[in-house]
Amino acid sequence: MEKSRIGSAVSRFIDLIVAGLYWLICSLPVITIGAASTALYYAVVKCVRHERGRLTGVFFSAFRQSTLTWLIYIGYTAVIALDAYAIGASGHGGGVLGILRWVFFLPALLSLPWMFAYISRFSNNIKGSFKFVGWLTLRNIGRSVILAAVLIAVGVIVYLTPLLLPLLPGAVCMLMSLIIEPVFREYTAEQGDEKTDAWYNE
């Protein structure tokens, strides 16, 4: 029994590494990061957490077209970054405007972890997805702050130790799923979604 548990743990660890490598490879074009993140979340939750299906097949079957959603995030962030740079260059970076320029990054930072997890699980149009994810983000603001803190921490770790990058995506996704999945289970239970695959509610 003990050997079986150890073997299962090792298998899950390897799957996390492989899923992270798939994510890195599929994210190289940059514009596909959204689709890769959707696939990563779905594969980690289904194959690693609940041991359903084969990782490779599940990952690439979940490689959904989230590209436009991702480009909207990039566009929003770019506009805010340019405004922040302009404020700093104007010499007003130390006042109220200097503080506000960072505040406008928060909507993207807080909602991003929810977005691709949501897309991996539910079908909706782009407008509906942003509307619902915005509601999820505010309704679960405590979890949203924790998720954002995880993203920032990972960014700092990768900046300081780039060699750790291949090991992080799968593990970080697993950690985030522990925060996100209870909310999704609550939502599907409220909706009485009988069509949802049973593993979602385990």
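Select Glu 51, which is found in the loop between H2 and H3. Helices, such as these, are DSSP runs of H or I with at least four residues, strands are runs of E with at least two, and both are numbered from the N terminus. Glu 51 has a positive phi of about 50 degrees although it is not a glycine. At 47% relative accessibility, Glu 51 counts as partly exposed; buried means under 20% relative accessible area, exposed means over 50%, and partly exposed lies in between, with a 1.4 Å probe and protein chains only.

The model is predicted: local features need pLDDT of at least 70 and side-chain atom pairs count only at pLDDT 80 or more, while totals for chains, interfaces and linings use all residues. Residues are numbered from 1 along each chain as its sequence is written, and side-chain values use heavy atoms, with hydrogens and water left out.

Next, select Val 30, in the loop between H1 and H2. Val 30 also is not a glycine, and its phi is positive, at about 70 degrees. With a relative accessible area of 43%, Val 30 is partly exposed.

Now display the whole chain and colour it by secondary structure. The chain has 9 helices and 0 strands, and from the N terminus on its elements run α-α-α-α-α-α-α-α-α. Of the 202 residues, 42% count as buried. The chain exposes about 11400 Å², and carbon and sulfur atoms supply 69% of that area; accessible areas come from the Shrake-Rupley method with a 1.4 Å probe, and for residues only the protein chains shown count as cover. Among contacts in the chain with a separation of 6 or more, 73% are between residues 24 or more positions apart; a contact means heavy atoms within 4.5 Å.

Select Ser 177, in helix H9. Is Ser 177 buried or exposed? Ser 177 is buried, because its relative accessible area is 0%. Leaving aside neighbours within four places in sequence, Ser 177 is in contact with Tyr 41, Val 45, Arg 49 and Pro 182.

Remain in helix H9 and select Leu 168. Leu 168 is buried, with a relative accessible area of 17%. Beyond its neighbours within four places in sequence, Leu 168 is in contact with Val 154, Ile 157 and Val 158. Leu 168 and Ile 157 are 11 residues apart in sequence, and their C-alpha atoms are 9.5 Å apart in space.

Select Trp 23, Ser 37, Leu 151, Val 154 and Val 172 to find the largest pocket: of its 24 lining residues, these lie nearest its centre. H1, H2, H6, H8 and H9 each supply at least two residues of the lining, and the largest share, 6 residues, comes from H9. The lining divides into 22 nonpolar, 2 polar and no charged residues.

Move to helix H4 and select Ile 72. At 36% relative accessibility, Ile 72 counts as partly exposed. Not counting residues up to four places away in sequence, Ile 72 touches Ile 126 and Phe 130. Ile 72 and Ala 108 are 36 residues apart in sequence and 9.8 Å apart in space, C-alpha to C-alpha.

Finally, select Ser 129, which is found in helix H7. Ser 129 counts as buried, at 6% relative accessibility. Ser 129 touches Met 115, Tyr 118 and Asn 124, not counting residues up to four places away in sequence.

Technical notes
1 Å grid on protein atoms, 1.4 Å probe; cavity = no way out; pocket = protein on both sides within 12 Å on 5 of 7 lines; lining within 4 Å. Nonpolar A, V, L, I, M, F, W, Y, C, P; charged D, E, K, R; others polar.
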